[in-house]
Amino acid sequence: MEHLSNRSKVVSDKPMTFMERLYLPAIFAGMMTTLKHLFRRHNTIKYPEEQRVFAPVYRGMHVLKRDEKGRENCTACGLCAVACPAEAITMVAAERKPGEENLYREEKYAETYEINMLRCIFCGLCEEACPKEAIFLTDRIVPTEFERDDFIYGKDLLVESMDHRIDITKRQHTGKRSDK
Ligand code: SF4
Ligand code: SF4
């Protein structure tokens with residue numbers, strides 16, 4: 001039989017030698033390996049206390065932007081949903097009522113807007129397709145959850161709060177095509 005690599009070892013059930021029955025040399029060798037790794041440079045970091053620097057083009061959790069007056073930019077045109085290759089976006093459009101001009105910038109808005117983060121592949125095509133600069137991918141990480149339903153993000157998680165605005169200026173330069 002041809003071996004896939006030369007690292008395979010033939011295992012036999014031959015009786016252990018005296019040194020092997022002592023176990024101490026094997027324990028010592030194991031501790032030496034541990035000690036050796038203690039002084040090596042670590043490739044891991046203590047997340048979330050420590051975080052790696054992301055590339056400017058990193059695409060993480062989405063944000064639905066508000067304008068400078070706090071009105072939602074999204075007009076529920078559905079272009080992001082059509083562009084999404086993973087069919088991760090769903091929304092229900094509604095007409096803006098008189099008196100709601102301070103809430104929604106356009107006459108039509110997304111009454112519900114949901115992204116299934118388990119489907120999303122963070123390609124950024126929704127951001128590219130949006131004609132209203134309403135949706136952007138950010139450098140925020142989608143947190144882990146235990147239930148599948150918890151990965152369906154609604155407006156409560158996606159629309160930015162005016163108290164904690166999300167800076168997307170870098171994405172406006174790197175995430176968009178230069179001819180736009
Ligand atoms: S980033 Fe890509 S996969 Fe995710 S919602 Fe947007 S278009 Fe869909
Ligand atoms: S996020 Fe943009 S593309 Fe998607 S529905 Fe809203 S306005 Fe249209």
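Author: Helices (H or I, at least four residues) and strands (E, at least two) are DSSP runs, numbered from the N terminus. With that convention, E87 is placed in the loop between helix 3 (79-83) and strand 2. This is a predicted model, in which local features need pLDDT of at least 70, side-chain atom pairs count only at pLDDT 80 or more, and totals for chains, interfaces and linings use all residues. Residues are numbered from 1 along each chain as its sequence is written, while chains are lettered from A and ligands numbered from 1 in the order in which they are written.

Reader: Which value does phi take at E133, and where is E133 found?

Author: Phi of E133 is near 50°, again a positive value in a residue other than glycine. E133 belongs to the loop between helix 4 and strand 4. Since 14 other C-beta atoms lie within 10 Å, E133 is partly exposed.

Reader: Where does a cis peptide bond occur?

Author: The bond joining Y47 and P48 is cis, with omega about 5°. P48 lies in the loop between helix 2 and strand 1.

Reader: How is a sheet read, and in what order do the strands stand here?

Author: Strands of a sheet pair through backbone hydrogen bonds, either parallel or antiparallel. Two strands are taken to pair if DSSP finds at least two bridges between them. Here three strands form an open sheet with the order 2-3-5 and antiparallel pairing. Strand 2 (89-95) and strand 5 (152-153) are at the edges, each with a single partner strand, so one side of each has no neighbour in the sheet.

Reader: How many bridges join strand 2 to strand 3, and how many join strand 3 to strand 5?

Author: Strand 2 and strand 3 run antiparallel and are joined by seven bridges; E95 stands opposite K108 in strand 3. Strand 3 (residues 108-116) is joined to strand 5 by two bridges, also antiparallel. There, N116 faces I152 in strand 5, and I115 has Y153 as its bridge partner.

Reader: What should I look for in a nonpolar core, and which residues have the most contacts inside the largest one?

Author: A nonpolar core is a set of buried Ala, Val, Leu, Ile, Met, Phe, Trp, Tyr and Cys residues joined through C-beta atoms within 7 Å. The largest has 20 residues, and L64, C74, C80, I89, C126 and I135 have the most contacts inside it. Strand 1 (62-64), strand 3 and strand 4 (135-137) each supply at least two residues of this core. Strand 3 gives the largest share, four residues.

Reader: Which residues does C80 touch?

Author: Two residues are in contact if their C-beta atoms, placed from the backbone, lie within 7 Å. Not counting residues up to four places away in sequence, C80 touches I89, C126, A129, C130 and I135. The C-alpha atoms of A129 and C80 are 5.5 Å apart, although 49 residues separate them along the chain. A129 counts as partly exposed because it has 16 C-beta neighbours inside 10 Å.

Reader: Which residues come nearest to ligand 1 and to ligand 2?

Author: A residue is near a molecule if its C-beta atom, placed from the backbone, lies within 6 Å of it. Around ligand 1 there are 14 residues, of which C84, C120, C123, L125 and C126 come nearest. Around ligand 2 there are 13, with C74, C77, C80, C130 and A134 nearest.

Reader: How many residues of helix 2 are buried?

Author: The count of buried residues among the 15 residues of helix 2 is zero, and this helix is hardly covered.

Terms used
Buried ≥ 20, exposed ≤ 12 C-beta atoms within 10 Å, placed from the backbone.
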